[in-house]
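Open the model in your viewer and keep the selection tool ready.

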Amino acid sequence: MGIRTGADYMKAVKSRQPEVYLGGRRITNLADEPVFKQPIKEMARLYDMQHDPKYQNDITHVCEETGERVNNAFIIPRNGEDLQARRRVFEVWAEATFGLMGRTPDFLATVVTGMATNDWFFRQYGDRWGDNIVNYYKYIRDNDLFLTHAIINPQNDRSKASNEQEDEFTHLGVVRETEEGLIVRGSKMLATLAPVTDEVIIYSYPSFKPGDEKYAISFALPIDTPGLRMYCREETQNGERSTWDHPLASRFEEMDAVLVFHDVLVPWERVFINQNVEAGNLLYPKTGINLQPSHQSAVRGLTKISFATEVACSVADAVGVDGFLNVQNQLSELIQGAETIRALVRVAEYEYVMTPHGEAVPAIVPLETIRGILPTLYPRAMEILQTIGAGGLLMSPTGADFANPETAEDMEKYYGGRSGVSAEQRVRLFKLAWDLCGEAFGQRLVQYERYYSGDPVRKLGMFYNTHKRNNPSYEMVDKALRDSLEMAKDTVAN
Ligand SMILES: Cc1cc2nc3c(=O)[nH]c(=O)nc-3n(C[C@H](O)[C@H](O)[C@H](O)COP(=O)(O)OP(=O)(O)OC[C@H]3O[C@@H](n4cnc5c(N)ncnc54)[C@H](O)[C@@H]3O)c2cc1C
């Protein structure tokens, strides 16, 4: 089949009945549910870009194996050019969503491609698992499927291992094996965009303790598999507010859901790791499967911080405060922050490394540095935006006030910006800024940047430990001490 159109994607969404709950209701028609309607259209727009001559050659390629056109996220990178080709889809799709949707289909396409590229890892525990991941990769590539993923367990008692939780199956685990496959029960938190995807893949961060065997699993399933429930978080917008009033929140709601498996059958051909603590814990460190998706996240994060910077500069300019030194300092801080991320993305690509298995991977240190900086830079960008926009961010009327003949004149008179910025321009800009830095929608975007790929506190700790392992001694310090000792001898001699 190869690349899908937006209509193909929407048809697939409409054809399914996944078990989705939102606000105490079972949602039976996702495509017409206000909260999901626009985000589904945004996703369809991305699929349509694959067919747009303006983008097609940049973000898709003809697959050598099938002769079909497929998305560049499915490229197995063998050199720097492959990484660049792949980056184009990350960039084009991130720009189409202003970096505000982190889990567009390229993200998990890249994860599964990384797993299939490293099928040797799965084969260590049995050829069938290696065959399964390669076949699954081909299946989602050739059908252009959209996946969500759920890595972490629900946040019940983090001081205890999975096997020590009060209920044996609070955390997702295997109840029994059957001829057809595994029966799994329990929960995983959380899966972004899950209700509107085609499939879900389950795997975990390295965290298993002895006794956790039944929880150390990896598999994939269609999102409407019987017994799989999705509990959505409360929506950040109700889907009925106009894009005039909420130009971002009304478009890019990425619904997050907790997944609950009620004795769900996972067919054997969809199992990649089966109750194996060692495999569960070594998946990340041995295969580096986080690296290729970190490239996607870095490119997407760069778009998001660049967008936030543009919004802050526009707000400051619109009300004539960007001549003040304090405002200039804040804006420069943001511009330089975005520039730092841009430089790090380039270094990660330029200094790519070839693994012993022939995979070109972006350099890890700059990617992890981005991961370390953005959880503080992005919230800081929101603080700067709130500070520069100040009270004006809260005082915006609605599009309806502009449309009302009784109030339209006051709108024009009292809501205009600096000379040359009309009331409508200023209000619409401030509303966009408030969506980003004030609305619940914007607060989720901050939380996303902090936590989307794990706890930044522990990630920084791991980063330092790796740094120390790779630097058993510090050459410059040794040299400075050696040189000064030599000099001290001369001093003593004199
Ligand atoms: C908006 C959003 C979207 C997300 N989307 C996805 C997704 O699509 N798929 C997915 O799998 N995950 C997703 N995540 C989840 C993400 O992986 C987790 O939020 C992240 O791993 C942190 O886990 P937690 O939220 O359970 O926090 P916890 O691990 O419970 O941490 C809570 C606090 O306790 C501290 N803490 C906990 N344990 C330790 C420890 N051992 N040592 C030191 N400090 C500790 C942490 O530093 C933190 O301050 C998403 C998260 C967010 C916010």
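One definition before we start. A residue is buried if 20 or more other C-beta atoms lie within 10 Å of its own, exposed if 12 or fewer, and partly exposed in between. Bear in mind that this is a predicted model.

**Stop 1: Gln 275**

Select Gln 275. You will find it in the loop between strand S12 (271-273) and helix H8 (277-287). Is Gln 275 buried, exposed or partly exposed? It has 17 C-beta neighbours inside 10 Å, so it counts as partly exposed. Now check its backbone. Gln 275 has a positive phi of about 50°, although it is not a glycine.

**Stop 2: Asp 144**

Next, select Asp 144. This residue lies in the loop between helix H7 (127-143) and S5. Its phi is positive too, about 55°, and Asp 144 is not a glycine. Its surroundings come next. Asp 144 has 26 other C-beta atoms within 10 Å, so it is buried.

**Stop 3: the open sheet**

Look for an open sheet of 6 strands, in the order S2-S1-S10-S11-S7-S6. The pairing is mixed. Which strands stand at the edges? They are strand S2 (25-27) and strand S6 (173-177). Each has a single partner strand, so one side of each is left without a neighbour in the sheet. On average, neighbouring strands of this sheet are turned by 20° against each other, direction ignored.

What holds strands side by side? Strands of a sheet pair through backbone hydrogen bonds, either parallel or antiparallel. Zoom in on S6 and S7 for a case. These two run antiparallel, joined by 4 bridges. Pick Arg 176, and its bridge partner in S7 is Ile 183.

**Stop 4: along S7 and beyond**

Stay with S7 and select Leu 190, which is found in this strand. Look at the peptide bond from Met 189 to Leu 190. This bond is cis, with omega near 0°.

Move on to Pro 195, in the loop between S7 and strand S8 (199-202). Pro 195 counts as buried because it has 26 C-beta neighbours inside 10 Å. Try the distance tool from Pro 195 to Ile 76. The two are 119 residues apart in sequence and 28 Å apart in space, C-alpha to C-alpha.

**Stop 5: the ligand**

How many residues surround the ligand? There are 21, and the closest are Ile 151, Thr 192, Tyr 448, Tyr 451 and Val 457. By class, this shell has 9 nonpolar, 6 polar and 6 charged residues.

Colour the elements that supply the shell. Strand S5 (147-150), strand S7 (181-192), helix H15 (440-451) and helix H16 (456-470) each give at least two residues. The largest share, 4 residues, comes from H15.

**Stop 6: the annotated spans**

Select residues 5-273, where UniProt places "domain: HpaB/PvcC/4-BUDH N-terminal". This stretch is 30% helix and 23% strand, with its end C-alpha atoms 33 Å apart. Then select residues 282-481, which UniProt annotates as "domain: HpaB/PvcC/4-BUDH C-terminal". That span is 75% helix and 2% strand, and its end C-alpha atoms lie 40 Å apart.

Notes. Residues are numbered from 1 along each chain as its sequence is written. This is a predicted model: local features need pLDDT of at least 70, side-chain atom pairs count only at pLDDT 80 or more; totals for chains, interfaces and linings use all residues. A residue is near a molecule or strand if its C-beta atom, placed from the backbone, lies within 6 Å of it. Ala, Val, Leu, Ile, Met, Phe, Trp, Tyr, Cys and Pro count as nonpolar, Asp, Glu, Lys and Arg as charged, and the others, Gly among them, as polar. UniProt positions are given in the numbering used here, feature names are shortened, and annotations may be inferred rather than shown by experiment. Two strands pair if DSSP finds at least two bridges between them. Axes are lines fitted to C-alpha atoms, for helices over the stretch in contact, and angles run from 0 to 180 degrees between N-to-C directions.
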